[in-house]
Amino acid sequence: MTTIGRTVRKAVIPAAGLGTRFLPATKAMPKEMLPVVDAPAIQYVVEEAVDSGLSDILMITGRSKRALEDHFDRAPALERTLELKGDDARLGAVQHASGLGPIHYVRQGEPKGLGHAVLCARQHVGDEPFAVLLGDDLIDARDELLSVMMEVHEKTGGSVVALIEVEPSQISAYGCAEVEHVCDEGYVRVKSLVEKPPAGLAPSNLAVIGRYVLHPSVFDVLEETEPGRGGEIQLTDALQTLAVRDGEGSGVYGVVFRGRRYDTGDKLSYLKAVVTLASERADFGEDFKVWLKEFLG
């Protein structure tokens with residue numbers, strides 16, 4: 001394989017949202033810290049980045065997000081207490097979170113949208129390609145996605161988005177991609193992108209989900225991108241610009257993901273994610289499924 005793009009080693013995780021859909025639970029706790037079984041949602045995302053070989057993680061945070069930093073920091077008093085109790089399992093779990101690697105933090109001063117959050121990473125990222133992982137989408141550790149996207153970037157030199165097929169009636173909840181197939185390749189070329197189109201006007205049923213591998217040229221485009229849908233700076237609009245222009249860093253490609261994805265973006269989907277992952281746990285999954293059958297009668 002001929003490598004055009006550079007190796008990706010940095011990850012950006014936007015985590016500055018207010019979490020209004022989960023109020024009042026998120027009044028005093030970041031939505032990213034909501035537990036999915038026994039680990040906060042954000043930990044699954046950081047683990048995915050680390051498992052994909054990304055060694056430098058930047059989290060974009062905001063006010064009242066200190067719990068994120070505390071979760072990935074050492075807790076000597078707690079660790080000592082668990083050690084004295086001989087509670088090796090819980091001690092290992094606590095140390096695992098703080099040992100995932102160096103995590104840096106930058107604040108997004110105003111909630112101006114995903115595009116603006118990504119732009120806040122510019123100084124840290126510099127002129128390197130980077131991955132963006134959104135916490136609403138949890139990708140099952142058994143399924144490859146981010147590593148495949150990084151390979152596509154290295155092959156094409158362009159930015160890469162993750163796509164899933166959805167029912168046409170659901171496409172208005174997502175960014176939507178019009179694509180063309182690339183001969184003998186396992187990815188597609190994105191011809192155009194539109195943010196949350198009406199179902200009847202969508203160019204396809206391919207929805208953009210929360211994984212991106214971006215060429216650093218996206219920063220210059222974001223600087224010039226006017227607020228779009230919802231009065232926010234949309235990453236989709238910047239990627240649309242890259243998709244249709246020529247030159248260094250141009251071109252947007254897509255990887256259609258058909259693996260296991262857990263949506264924690266709303267209450268019902270969050271509950272489904274918790275139940276699904278709990279039922280697959282080796283330590284209590286079978287007992288949980290027995291109880292579920294009894295509960296459902």
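Q: Which residues is Lys 31 in contact with, leaving aside its neighbours within four places in sequence?
A: This is a predicted model, and in it Lys 31 is in contact with Gly 19, Thr 26, Lys 65 and Asp 136, once the neighbours within four places in sequence are left aside.

Q: Where is Lys 31 found?
A: Lys 31 is found in the loop that runs between strand 1 (10-14) and strand 2 (35-36).

Q: How many residues apart in sequence are Lys 31 and Glu 167, and what about in space?
A: In sequence Lys 31 and Glu 167 are 136 residues apart, and in space 27 Å separates them, taken from C-alpha to C-alpha.

Q: Back to that loop: where is the place of Pro 24?
A: Pro 24 also has its place in the loop between strand 1 and strand 2, and the bond that joins Leu 23 to Pro 24 is a cis peptide bond, with an omega of about 5°.

Q: What about the backbone at Val 37, what is its phi?
A: Val 37 is not a glycine, although its phi is positive at about 65°. This residue is found in the loop between strand 2 and strand 3 (39-40), and Val 37 counts as partly exposed at 23% relative accessibility.

Q: And what is phi near in Lys 196?
A: Phi of Lys 196 is near 50°, which is again a positive value in a residue other than glycine. Lys 196 is found in the loop between strand 10 (188-195) and strand 11 (206-214), where Lys 196 is partly exposed with a relative accessible area of 33%.

Q: Switching to helices, which residues of helix 4 are buried?
A: In helix 4, which covers residues 88-98, the buried residues are Leu 91, Ala 97 and Ser 98. Seen down the axis of helix 4, these buried residues fall within an arc of 130°, so they line one face of the helix.

Q: What is on the other side of helix 4, and what covers the buried residues?
A: On the other side of helix 4, Asp 88 and Ala 89 are exposed, while the cover over the buried residues includes helix 1 (41-51), helix 2 (66-71) and helix 3 (76-85).

Q: Then helix 7: why is it described as largely enclosed?
A: Helix 7, residues 146-156, is largely enclosed by the rest of the structure because eight of its eleven residues are buried. Those buried residues are Leu 146, Ser 147, Met 149, Met 150, Val 152, His 153, Glu 154 and Thr 156.

Q: What do they pack against, and what follows helix 7?
A: The buried residues of helix 7 pack against helix 1, strand 6 (130-133), strand 8 (159-165), strand 11 and strand 12 (252-256). Gly 157 follows helix 7, and its phi is positive, near 85°.

Q: Zooming out, how many helices and strands are in the protein?
A: The protein has eleven helices and 13 strands, and 47% of its 297 residues count as buried.

Q: Why does the radius of gyration agree with a compact globule?
A: A compact globule of 297 residues would have a radius of gyration near 19 Å, and the protein has 20 Å, which agrees. Along the principal axes, the C-alpha atoms fill a box of roughly 60 × 50 × 40 Å.

Note on methods. Residues numbered from 1 in each chain as written. Predicted model: local features only at pLDDT ≥ 70, side-chain atom pairs only at ≥ 80, totals over all residues. Heavy atoms only, no water. Helix = DSSP H or I, 4+ residues; strand = E, 2+ residues; numbered from the N terminus. Rg over C-alpha atoms; globule rule 2.2 N^0.38 Å. Buried < 20%, exposed > 50% of the residue type's maximum accessible area, 1.4 Å probe, protein only. Arc of directions from axis to C-beta. Contact = heavy atoms within 4.5 Å.
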